[in-house]
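Visitor: I would like to go through this model with you, one question at a time. Could we begin once it is on display?

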Amino acid sequence: MKRRTRNLLLNWRIILLILFLVGSVATLAFKPLTYGIDISGGVALVAQTEHPVDSDTMQLVVSSLQKRLNTLGLRDITVEAQGDQIVLIKVANVSTAEQANQIKSVIESQGVFYMEFTGTVFGTGEDVEYVGIYQIKPDNSWAVPFRISKGAAEKFAALAKGKVGWPVDMFLDPPVNSLMVVPDSVYRLMNSTDFNAEAPNAPTLMERIGQAFNVTVVAYANQSADEIVKLAEGKDKIVLVDVPQDLQTQLEDMNITVRYIPRAPGESDHALVVRVLGLYGPYSLGEGLTVGEPQQDVQITGTAPDRMTAEQEASTIYTVLKSGSLPVKLNVVGMEFISPRLGENFRTQALYAGLAALIAVLLIVYFHYRNWRIAIPVASTSLFEVVIILGFASLINWNLDLPSIAGIIAAIGTGVDQQIVITDELLSGERSTRITRRASVLRRMGRAFFVIFASAATTIAAMSFLLVYFVGTLKGFAFTTILGVLIGILVTRPAYAEIAKYLLGED
């Protein structure tokens, strides 16, 4: 008996199982599991691109968003593409509307940055070489310092020579190559000297954006949709600003790309123009910048009504400058919060479901064989499998969500089926001579593992399709199911076969 036990413990399959178990327990002890937003709580946002894009562009969008949100200081972020227009963003541990709105602002900012002077673009986001830490002052003003390339600095120095007090504009996502239809009061404001800093003789804002970005501004005077389309010939899109919204519907019915921007409650004409153009400035050109000497260190400044808004505005500018531009503009079309308390309940329920599954396995196997020497090893092997799966998930920082946990429970069921196949094959043999019995055990184990490997192959093939071609919650289910099947056929199932042979006297 002692010799049989020693041989079992020294079997390489048993040693492999023990090593995986010890490694998984150690990993879980020093590196706790991380959870998705449906357990830890957070916010899920659905964003849509302005137009359908190909798979390469969508991958660039996903990568850029991931980098941008990481720059924002967020953790546990998943960004996934769905089709050719939808991007699903999940951020764990976000619980306030302020945090969610900041994330929404970063997502919707395409991040195409321009520096313009007298209607000439002298630098873009590609000319930003370094971004310093933003600063918030007691009066809620903020500043984001950054360094531009030598080429951009030299171009600006040549343009600015001798133009003290002239306006310098910086834009984030201006409506390039578009027709803007605005109320008459906004049109008159843009065509006045209100945006000219300290130089009334400088070109107006309307002239500057027309020359720099090919933006044409017209005052709304009850034009029909057909008239507006004629005015927009050669433009990429039409931007409707605080005009009757039924124009948007009429233009969209004509397959015209339209962006509608309503006026916010209490918003002034000046604030509306700044928001629509993504304008920072105009900054008055200081005397030191007009002598023709290139200066690479510049900054964007702004003011806000309170410190929280100042933090959000400065952080957005910092993030966009730091991470670069998106290849296509995104609009957030849906946002949903998940409470951490609700997530805690989900985690508890999932734990109960897992324990219930193991107990059910134990009882069903016992009532089938009427033998605890079979039921306990089957249930124990399933438990070992769960521990190893969780150890791997912790090691690779996989965020466990509810579908992932469902995949683990599904793996338990698959594992039990395969262990029953092994057990039935062992119990079906004839007891004859030792040599005959050994050959019979080998044949039966061969048949059992043929069935097991065939079943595993079909499961992995089906789950791989979900893992590659589907997104969102299905990925978590597919990943843990595949992981459970691989651990089963490579580690736990061979070990169970040795244990079963030992307990049934077939070793």
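Visitor: How many salt bridges does the structure hold?
Guide: This is a predicted model, and what follows should be read with that in mind. Side chains of opposite charge can pair when their charged atoms come close. In this structure, the number of salt bridges is eleven.

Visitor: Which residue forms a salt bridge with arginine 208, and where do the two partners lie?
Guide: The closest N and O atoms of the pair are 2.7 Å apart, and the pair links distant parts of the chain, 39 residues apart. Arginine 208 lies in helix 8 (residues 205–213), while its partner belongs to strand 10 (residues 167–172). That partner is aspartate 169.

Visitor: Are arginine 208 and aspartate 169 buried or exposed?
Guide: The cut-off for a buried residue is under 20% relative accessible area. Arginine 208 has a relative accessible area of 1%, and aspartate 169 has a relative accessibility of 0%. By that cut-off arginine 208 is buried, and aspartate 169 likewise counts as buried.

Visitor: What is the N to O distance in the salt bridge between glutamate 311 and arginine 307?
Guide: Both residues lie in helix 12 (residues 307–323), four residues apart, which is about one turn of the helix. Glutamate 311 is partly exposed at 29% relative accessibility, and arginine 307 is partly exposed with a relative accessible area of 44%. Their side chains meet in a salt bridge with an N to O distance of 4.0 Å.

Visitor: Why is strand 13 largely enclosed by the rest of the structure?
Guide: On one side of strand 13 are Lys237, Val239 and Val241, on the other Ile238 and Leu240, and both faces are covered. Strand 13 (residues 237–241) is largely enclosed because the number of its five residues that are buried is five.

Visitor: Through which helix does the chain cross from strand 13 to strand 14?
Guide: Strand 13 pairs in the parallel sense with strand 11 (residues 178–182) over four bridges, and methionine 180 stands opposite valine 239. Four bridges also join strand 13 to strand 14 (residues 258–261), again running parallel, with leucine 240 opposite tyrosine 260. The β-α-β crossover between strands 13 and 14 is right-handed, and the chain makes it through helix 10 (residues 246–253).

Visitor: Which element gives the largest share of the nonpolar patch?
Guide: The patch, about 500 Å² of surface, is made by Ile359, Leu363, Phe367, Trp372 and Ile376. The largest share, three residues, comes from helix 13.

How values were computed
Residues numbered from 1 in each chain as written. Predicted model: local features only at pLDDT ≥ 70, side-chain atom pairs only at ≥ 80, totals over all residues. Heavy atoms only, no water. Patch = residues over 30% accessible without salt bridge, like charges linked within 9 Å, V, L, I, M, F, W, Y side chains within 5 Å. Areas by Shrake-Rupley, 256 points an atom, 1.4 Å probe, with all protein chains shown as cover. Helix = DSSP H or I, 4+ residues; strand = E, 2+ residues; numbered from the N terminus. Buried < 20%, exposed > 50% of the residue type's maximum accessible area, 1.4 Å probe, protein only. Pairing = 2+ DSSP bridges. Right-handed = clockwise from strand over helix to strand, strands pointing away.
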